[in-house]
Amino acid sequence: NEYKSYLSMLRRNLAESVRCFGKRRNVINPSSRFLSSDPPQDEEYPSDKYQREEEMMQRFLRVDHAGEVGANDIYAGQMAILGRTKDAPVIRHMWDQEKVHRDKMNELVLRYRIRPTLLLPLWRVAGFTLGAGTALLGKEAAMACTVAVEDTIVQHYTDQIREIIDQGKEEEYKEVLEILKKFRDDELDHHDTGLEHGAEQAPQYRLLTEAIKTGCKAAIYITERV
(Lines give C-alpha, C1' and ligand atoms only; values in the text may rest on other atoms or scores of the structure.)
Protein backbone atom coordinates (compact mmCIF):
# COMPACT_ATOMS: atom_id res chain seq x y z
CA ASN A 1 0.00 0.00 0.00
CA GLU A 2 1.41 3.38 -1.07
CA TYR A 3 0.45 5.23 2.09
CA LYS A 4 1.58 2.48 4.46
CA SER A 5 5.01 2.67 2.84
CA TYR A 6 4.88 6.45 3.12
CA LEU A 7 4.10 6.26 6.85
CA SER A 8 6.89 3.75 7.43
CA MET A 9 9.31 6.13 5.73
CA LEU A 10 8.14 9.00 7.94
CA ARG A 11 8.63 6.91 11.09
CA ARG A 12 12.18 6.09 10.03
CA ASN A 13 12.85 9.78 9.34
CA LEU A 14 11.55 10.78 12.77
CA ALA A 15 13.78 8.22 14.49
CA GLU A 16 16.76 9.52 12.51
CA SER A 17 15.93 13.09 13.52
CA VAL A 18 15.94 12.15 17.19
CA ARG A 19 19.34 10.47 16.82
CA CYS A 20 20.88 13.33 14.87
CA PHE A 21 19.54 16.24 16.86
CA GLY A 22 21.95 15.69 19.72
CA LYS A 23 24.88 15.54 17.31
CA ARG A 24 24.48 19.02 15.90
CA ARG A 25 27.78 20.67 15.03
CA ASN A 26 28.45 24.26 14.22
CA VAL A 27 29.29 24.77 10.56
CA ILE A 28 32.14 27.26 10.15
CA ASN A 29 32.08 29.29 6.99
CA PRO A 30 35.24 28.63 4.97
CA SER A 31 35.83 32.33 4.59
CA SER A 32 36.25 32.75 8.35
CA ARG A 33 39.62 31.02 8.40
CA PHE A 34 41.12 33.93 6.49
CA LEU A 35 40.29 36.40 9.23
CA SER A 36 43.05 36.85 11.80
CA SER A 37 41.24 39.59 13.71
CA ASP A 38 38.06 41.61 13.67
CA PRO A 39 38.12 44.55 11.25
CA PRO A 40 37.62 48.11 12.49
CA GLN A 41 33.98 49.04 12.87
CA ASP A 42 34.10 51.40 9.89
CA GLU A 43 35.81 48.88 7.61
CA GLU A 44 34.46 45.72 6.03
CA TYR A 45 36.75 43.13 4.55
CA PRO A 46 35.64 41.41 1.32
CA SER A 47 35.54 38.13 3.21
CA ASP A 48 33.00 39.62 5.65
CA LYS A 49 30.71 40.56 2.79
CA TYR A 50 31.11 37.14 1.22
CA GLN A 51 30.32 35.44 4.52
CA ARG A 52 27.23 37.54 5.09
CA GLU A 53 25.90 36.76 1.60
CA GLU A 54 26.64 33.07 1.99
CA GLU A 55 24.86 32.99 5.34
CA MET A 56 21.85 34.67 3.74
CA MET A 57 21.67 32.01 1.03
CA GLN A 58 22.12 29.23 3.58
CA ARG A 59 19.28 30.66 5.64
CA PHE A 60 17.03 31.09 2.61
CA LEU A 61 17.54 27.70 1.05
CA ARG A 62 17.54 25.71 4.30
CA VAL A 63 14.09 27.04 5.15
CA ASP A 64 12.76 26.86 1.59
CA HIS A 65 13.93 23.28 1.17
CA ALA A 66 12.26 22.23 4.43
CA GLY A 67 9.10 24.12 3.48
CA GLU A 68 8.72 22.49 0.08
CA VAL A 69 9.43 19.03 1.46
CA GLY A 70 6.90 19.63 4.23
CA ALA A 71 4.30 20.93 1.76
CA ASN A 72 4.59 17.67 -0.16
CA ASP A 73 3.88 15.76 3.02
CA ILE A 74 0.85 17.91 3.80
CA TYR A 75 -0.66 17.09 0.41
CA ALA A 76 0.28 13.44 0.82
CA GLY A 77 -1.64 13.41 4.10
CA GLN A 78 -4.65 15.05 2.47
CA MET A 79 -4.61 12.55 -0.39
CA ALA A 80 -4.40 9.64 2.06
CA ILE A 81 -7.81 10.70 3.38
CA LEU A 82 -9.46 12.40 0.39
CA GLY A 83 -7.78 10.51 -2.45
CA ARG A 84 -10.98 8.80 -3.55
CA THR A 85 -13.30 11.79 -3.29
CA LYS A 86 -14.39 14.21 -5.99
CA ASP A 87 -11.94 16.76 -4.61
CA ALA A 88 -8.91 14.53 -5.18
CA PRO A 89 -8.02 15.96 -8.64
CA VAL A 90 -7.73 19.49 -7.20
CA ILE A 91 -5.47 18.32 -4.39
CA ARG A 92 -3.47 16.12 -6.78
CA HIS A 93 -2.83 19.09 -9.10
CA MET A 94 -1.46 21.21 -6.26
CA TRP A 95 0.61 18.27 -5.00
CA ASP A 96 2.13 17.75 -8.44
CA GLN A 97 3.28 21.38 -8.48
CA GLU A 98 4.75 20.99 -5.00
CA LYS A 99 6.74 17.98 -6.20
CA VAL A 100 8.36 20.22 -8.83
CA HIS A 101 9.18 22.75 -6.10
CA ARG A 102 10.66 20.04 -3.88
CA ASP A 103 12.85 18.66 -6.65
CA LYS A 104 14.18 22.11 -7.51
CA MET A 105 14.98 22.83 -3.86
CA ASN A 106 16.76 19.48 -3.60
CA GLU A 107 18.86 20.59 -6.57
CA LEU A 108 19.64 24.01 -5.07
CA VAL A 109 20.73 22.76 -1.65
CA LEU A 110 23.17 20.42 -3.37
CA ARG A 111 24.48 23.10 -5.71
CA TYR A 112 25.01 25.64 -2.92
CA ARG A 113 26.15 22.95 -0.49
CA ILE A 114 23.51 23.82 2.10
CA ARG A 115 23.05 21.55 5.09
CA PRO A 116 19.34 20.71 5.39
CA THR A 117 17.76 21.38 8.74
CA LEU A 118 18.33 18.65 11.29
CA LEU A 119 14.61 18.79 12.03
CA LEU A 120 13.56 17.85 8.50
CA PRO A 121 12.31 14.37 9.50
CA LEU A 122 10.24 15.91 12.28
CA TRP A 123 8.74 18.51 9.93
CA ARG A 124 7.88 15.71 7.50
CA VAL A 125 5.91 13.82 10.13
CA ALA A 126 4.25 17.05 11.27
CA GLY A 127 3.32 17.92 7.68
CA PHE A 128 1.71 14.55 6.95
CA THR A 129 -0.13 14.66 10.28
CA LEU A 130 -1.40 18.19 9.59
CA GLY A 131 -2.59 17.25 6.11
CA ALA A 132 -4.31 14.05 7.20
CA GLY A 133 -5.71 15.58 10.38
CA THR A 134 -7.38 18.51 8.66
CA ALA A 135 -8.66 16.24 5.88
CA LEU A 136 -10.34 14.07 8.51
CA LEU A 137 -12.33 17.15 9.50
CA GLY A 138 -13.58 17.42 5.93
CA LYS A 139 -12.69 18.88 2.58
CA GLU A 140 -13.28 22.42 3.80
CA ALA A 141 -10.81 22.04 6.67
CA ALA A 142 -8.22 20.58 4.29
CA MET A 143 -8.65 23.61 2.04
CA ALA A 144 -8.42 25.91 5.06
CA CYS A 145 -5.10 24.24 5.87
CA THR A 146 -3.92 24.94 2.33
CA VAL A 147 -4.97 28.59 2.60
CA ALA A 148 -3.15 29.07 5.90
CA VAL A 149 0.06 27.33 4.84
CA GLU A 150 0.23 29.00 1.44
CA ASP A 151 -0.52 32.44 2.88
CA THR A 152 2.49 32.06 5.18
CA ILE A 153 4.71 30.76 2.39
CA VAL A 154 3.72 33.57 -0.01
CA GLN A 155 4.69 36.16 2.59
CA HIS A 156 7.91 34.28 3.35
CA TYR A 157 8.96 34.16 -0.32
CA THR A 158 8.03 37.82 -0.75
CA ASP A 159 10.27 38.76 2.18
CA GLN A 160 13.17 36.81 0.66
CA ILE A 161 12.69 38.40 -2.76
CA ARG A 162 12.64 41.85 -1.16
CA GLU A 163 15.82 41.14 0.81
CA ILE A 164 17.71 40.06 -2.32
CA ILE A 165 16.58 43.18 -4.18
CA ASP A 166 17.31 45.50 -1.24
CA GLN A 167 20.88 44.18 -1.15
CA GLY A 168 21.31 44.76 -4.88
CA LYS A 169 21.91 41.08 -5.59
CA GLU A 170 19.41 40.63 -8.43
CA GLU A 171 22.08 39.71 -10.97
CA GLU A 172 24.23 37.62 -8.66
CA TYR A 173 21.28 35.51 -7.54
CA LYS A 174 19.21 35.91 -10.69
CA GLU A 175 18.27 32.23 -10.98
CA VAL A 176 17.33 31.92 -7.32
CA LEU A 177 15.29 35.12 -7.55
CA GLU A 178 13.35 33.83 -10.55
CA ILE A 179 12.69 30.52 -8.80
CA LEU A 180 11.41 32.29 -5.70
CA LYS A 181 9.09 34.46 -7.79
CA LYS A 182 7.74 31.45 -9.69
CA PHE A 183 7.19 29.42 -6.53
CA ARG A 184 5.53 32.38 -4.79
CA ASP A 185 3.08 32.73 -7.68
CA ASP A 186 2.31 28.99 -7.59
CA GLU A 187 1.69 29.15 -3.84
CA LEU A 188 -0.60 32.14 -4.33
CA ASP A 189 -2.59 30.08 -6.85
CA HIS A 190 -2.90 27.28 -4.28
CA HIS A 191 -4.09 29.80 -1.69
CA ASP A 192 -6.76 31.09 -4.06
CA THR A 193 -7.74 27.53 -5.03
CA GLY A 194 -8.35 26.73 -1.37
CA LEU A 195 -10.65 29.73 -1.02
CA GLU A 196 -12.50 28.77 -4.21
CA HIS A 197 -13.13 25.27 -2.85
CA GLY A 198 -14.81 26.16 0.41
CA ALA A 199 -11.98 26.85 2.85
CA GLU A 200 -13.96 29.56 4.63
CA GLN A 201 -16.78 27.08 5.31
CA ALA A 202 -14.49 25.01 7.54
CA PRO A 203 -15.49 24.78 11.22
CA GLN A 204 -13.77 27.52 13.22
CA TYR A 205 -12.04 28.77 10.06
CA ARG A 206 -10.35 31.78 11.66
CA LEU A 207 -9.12 29.86 14.69
CA LEU A 208 -7.90 26.95 12.54
CA THR A 209 -6.03 29.07 10.02
CA GLU A 210 -4.43 31.33 12.63
CA ALA A 211 -3.22 28.28 14.57
CA ILE A 212 -1.69 26.78 11.42
CA LYS A 213 -0.05 30.09 10.45
CA THR A 214 1.47 30.40 13.90
CA GLY A 215 2.86 26.88 13.64
CA CYS A 216 4.33 27.58 10.20
CA LYS A 217 6.00 30.80 11.37
CA ALA A 218 7.47 29.00 14.35
CA ALA A 219 8.81 26.26 12.06
CA ILE A 220 10.44 28.89 9.81
CA TYR A 221 12.06 30.58 12.79
CA ILE A 222 13.46 27.31 14.16
CA THR A 223 14.59 25.97 10.79
CA GLU A 224 16.66 29.09 10.10
CA ARG A 225 18.67 28.25 13.21
CA VAL A 226 18.82 24.44 13.39
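Predicted model: local features only at pLDDT ≥ 70, side-chain atom pairs only at ≥ 80, totals over all residues.
**Exercise 1. Take in the whole protein.** Work out how many helices and strands the protein has, and what share of its residues count as buried.

*Solution.* Count the elements to begin with: the protein has 7 helices and 0 strands. Read from the N terminus, the order is therefore α-α-α-α-α-α-α. Now turn to burial, where 47% of the 226 residues count as buried. Then consider contacts between residues with a separation of 6 or more: 81% of them join residues 24 or more positions apart.

**Exercise 2. Describe how α4 meets α5.** Give the angle and the distance between the axes of these two helices, and name the residues in contact.

*Solution.* Two packed helices are described by the angle between their axes and the distance between the axes. Helix α4 spans residues 120-136 and helix α5 spans residues 139-166; they pack at about 140 degrees, with axes 7 Å apart. That angle makes α4 oblique to α5. The residues that meet are Leu130, Thr134 and Ala135 from α4, together with Ala141, Ala142, Cys145 and Val149 from α5. Sorted by class, this contact holds 6 nonpolar residues, 1 polar residue and no charged ones.

**Exercise 3. Explore the largest cavity.** Find its volume, and say which element gives the most residues to its lining.

*Solution.* A search of the whole structure turns up 1 cavity of 30 Å³ or more. The volume of the largest cavity is about 40 Å³. Its lining is made of Ala71, Ile74, Tyr75, Glu98, Cys145, Thr146, Val149, Glu150 and Ile153. Both α2 and α5 give two or more residues to this lining, and α5 gives the most, with 5 residues. By class there are 6 nonpolar, 1 polar and 2 charged residues around the cavity. Cys145 and Val149 link back to Exercise 3: they line the cavity and also take part in the contact of α4 with α5.

**Exercise 4. Explore the second largest pocket.** Which residues are closest to its centre, and which elements give two or more residues to its lining?

*Solution.* The second largest pocket holds about 480 Å³ of space. It is lined by 25 residues, and those closest to its centre are Gly67, Ile74, Gly215, Cys216 and Ala219. Two or more lining residues come from each of α2 (46-82), α4, α5 and α7 (205-223). The lining divides into 16 nonpolar, 7 polar and 2 charged residues. Ile74 lines the largest cavity too.

**Exercise 5. Study two loop residues.** Locate arginine 113 and glutamine 204, then give the phi value of each.

*Solution.* Arginine 113 belongs to the loop between α3 (88-111) and α4. Its phi is near 55 degrees, a positive value in a residue other than glycine. With a relative accessible area of 75%, arginine 113 is exposed. Glutamine 204 belongs to the loop between α6 and α7. Phi of glutamine 204 is near 50 degrees, again positive in a residue other than glycine. Its relative accessible area is 59%, so glutamine 204 is exposed.

Note on methods
Residues numbered from 1 in each chain as written. Heavy atoms only, no water. Axes fitted to C-alpha atoms, helices over the stretch in contact; angles between N-to-C directions. Helix = DSSP H or I, 4+ residues; strand = E, 2+ residues; numbered from the N terminus. Parallel < 35°, antiparallel > 145°, perpendicular 65-115°, else oblique. Contact = heavy atoms within 4.5 Å. Nonpolar A, V, L, I, M, F, W, Y, C, P; charged D, E, K, R; others polar. 1 Å grid on protein atoms, 1.4 Å probe; cavity = no way out; pocket = protein on both sides within 12 Å on 5 of 7 lines; lining within 4 Å. Points joined across faces, edges and corners; volume = space filled by probe spheres on them. Buried < 20%, exposed > 50% of the residue type's maximum accessible area, 1.4 Å probe, protein only.
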